[in-house]
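Here's a quick briefing to read with the structure open beside you. Take it one topic at a time and find each residue as you go.

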Amino acid sequence: MHLQLLFFFFSFFFSNSVSYLLTLIHSLMSAPTKTYIQCNPLLDISAAVDDAFFVKYKVSKAAASLVTEEQAGIYAELEQQPNVTYVPGGSGLNTARVAQWIAQPKEEFISYVGCVADDKYGKILKDSAEKDGVKMVLEHTTKAPTGSCAVCISGKERSLVANLAAANCLSQEHMNSPEVAKALEGSKLFYLTGFTLTIDVNYVIQVAEAARKAGGLFMMNLSAPFIIQFFTENLNKVLPYVDVLFSNDDEASVLAKTFQWEDVPTVADIAKKAAKDLPYNGTGKRLVVFTQGSNPTVWATSEESGSVEVTPIATDKIVDTNGAGDAFVGGFLAAYALQKPVNRCCEVGNYAAGVIIQHDGCTFPEKPALSP
Ligand code: AP5
């Protein structure tokens, strides 16, 4: 009898230990690679406006820009619109929140670096990102209020006017802080938006160098045509480090034009050219990924290329496309951090973007309906 009991106890203990060990190994193997994201944290102030508003503030339709002095009143006037909403934004923070949401990891895998003020907008941004599981490595400045972005909606189109404010105050001191060093040292994937090139190119290079030192990958988004057109010198300094390059089709065309590329009739051709011909100091193969709205997402390395279909979403289901590109990268990164193949990463990116365009700004339901 005693022997039987002993046997039962050992087999119970052993089988549970094995299953515990297997669960542990599985969860460790399926834990996404730690990822560092840096950008400008901005609160999106969003409202539908009429054509007179665009004319009054000299805002180009369907474009992104930085606020000028003569546009300073745009935020107060947007806030007076009856339908105004406040949604956490800032391109890289959108990506961070979506990546964390898609991956649904047991613990945070994204660390986000940026600068806010200790004010109401800064608290909204921090609380919402932390609720979504992002580790916020923020600098708090007293020099300016938290940044915001005017999202001027006209039909399904939106125009963005960013007031970087505190985001512009990101300091070398914070970049050298133990918190940022820890986030850099603990990561293998590093994603910065092109918008970071308007703050200080040295911070971008610092992250790119950390990526090389860690044997990780440095990823960048071109983010907006004005980055390529007016921050070309900074972009040129950083491009050699870029292992993975993202953009939409408009930015891809502006890239081709700026670098005077001929014989690139399609966005897929521009992707191949960017993969092969842009200067590169890495040891791997640069990957280029371009989205094209509801048209297929295209990707290329120096040796291979491919495209991934997008499931079209009916116009009446689209709330606004704000954050679509950011959400695509969020989904892509979540899958990439789980070592999925490029086609799957694009599929997951397209799924994430499809969800976000059916919601107000960059917001999403509690759980994704797809796992990477
Ligand atoms: P915004 O430019 O609106 O967002 P985005 O993420 O770039 O999205 P877009 O709508 O521009 O999409 P896209 O053109 O990049 O991609 P595509 O159309 O190919 O920027 C939003 C944020 O930027 C705001 O929160 C703001 O705060 C921030 N911001 C502004 N200035 C800033 C600054 N200076 N610094 C920091 N942040 C700043 O679409 C992508 C994917 O979407 C497609 O691949 C597809 O999967 C999907 N998709 C699109 N259309 C459809 C469709 N019709 N049917 C199905 N899927 C679709």
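There are eleven salt bridges in this structure, a salt bridge being a side-chain nitrogen of Lys or Arg within 4 Å of a carboxyl oxygen of Asp or Glu. Keep in mind that this is a predicted model: local features need pLDDT of at least 70, side-chain atom pairs count only at pLDDT 80 or more, and totals for chains, interfaces and linings use all residues. Residues are numbered from 1 along each chain as its sequence is written, and side-chain values use heavy atoms, with hydrogens and water left out.

**Salt bridges**

- E77 pairs up with K56, and their closest N and O atoms are 2.7 Å apart. That links distant parts of the chain, since E77 sits in helix α3 (residues 74-79) and K56 in helix α2 (residues 51-56), 21 residues apart. Helices here are DSSP runs (H or I, at least four residues) and strands are too (E, at least two), numbered from the N terminus.
- How open are these two? E77 is partly exposed at 22% relative accessible area, while K56 is exposed at 52%. The cut-offs are under 20% for buried, over 50% for exposed, and partly exposed in between (1.4 Å probe, protein chains only).
- R97 and D132 form another salt bridge, at 2.9 Å from N to O. R97 belongs to helix α4 (residues 91-103) and D132 to the loop between α5 (120-131) and β6 (135-141), so the pair ties together parts 35 residues apart in sequence. R97 is buried at 4% relative accessibility, and D132 is buried at 18%.
- R212 and D243 meet in a salt bridge too, at 3.0 Å from N to O. Here R212 comes from helix α8 (residues 201-213) and D243 from the loop between α10 (232-238) and β11 (244-248), so parts 31 residues apart in sequence are tied together. R212 is partly exposed at 25% relative accessibility, but D243 is buried at 3%.

**Around the ligand**

- Which residues are closest to the ligand? They are D44, R158, N248, T321 and D326, out of 35 that surround it, counting a residue if one of its heavy atoms lies within 4 Å.
- That shell divides into 15 nonpolar, 17 polar and three charged residues. Ala, Val, Leu, Ile, Met, Phe, Trp, Tyr, Cys and Pro count as nonpolar, Asp, Glu, Lys and Arg as charged, and the others, Gly among them, as polar.
- A polar backbone atom of G90 is 2.9 Å from an oxygen atom of the ligand. N322 has a polar side-chain atom 3.0 Å from a ligand oxygen, and G323 has a backbone N or O atom 3.1 Å from one.
- On its own the ligand exposes 1000 Å², and the protein buries 90% of that (Shrake-Rupley method, 1.4 Å probe).

**Two residues to look up**

- S111 is in strand β5 (residues 110-117), and it is buried at 12% relative accessible area. Leaving out residues up to four places away in sequence, S111 touches T35, Y36, I37, K135, V137 and A183, where contact means heavy atoms within 4.5 Å.
- F195 lies in the loop between β9 (189-193) and α8. Buried or exposed? F195 is buried, at 18% relative accessible area.
- F195 and L222 are 27 residues apart in sequence, yet 7.9 Å apart in space from C-alpha to C-alpha. Not counting residues up to four places away in sequence, F195 touches C39, N40, S91, S223, A224, F226 and I227.

Definitions and conventions
Polar contact = N/O pair within 3.5 Å; in protein donor to acceptor, adjacent residues only side chain to side chain.
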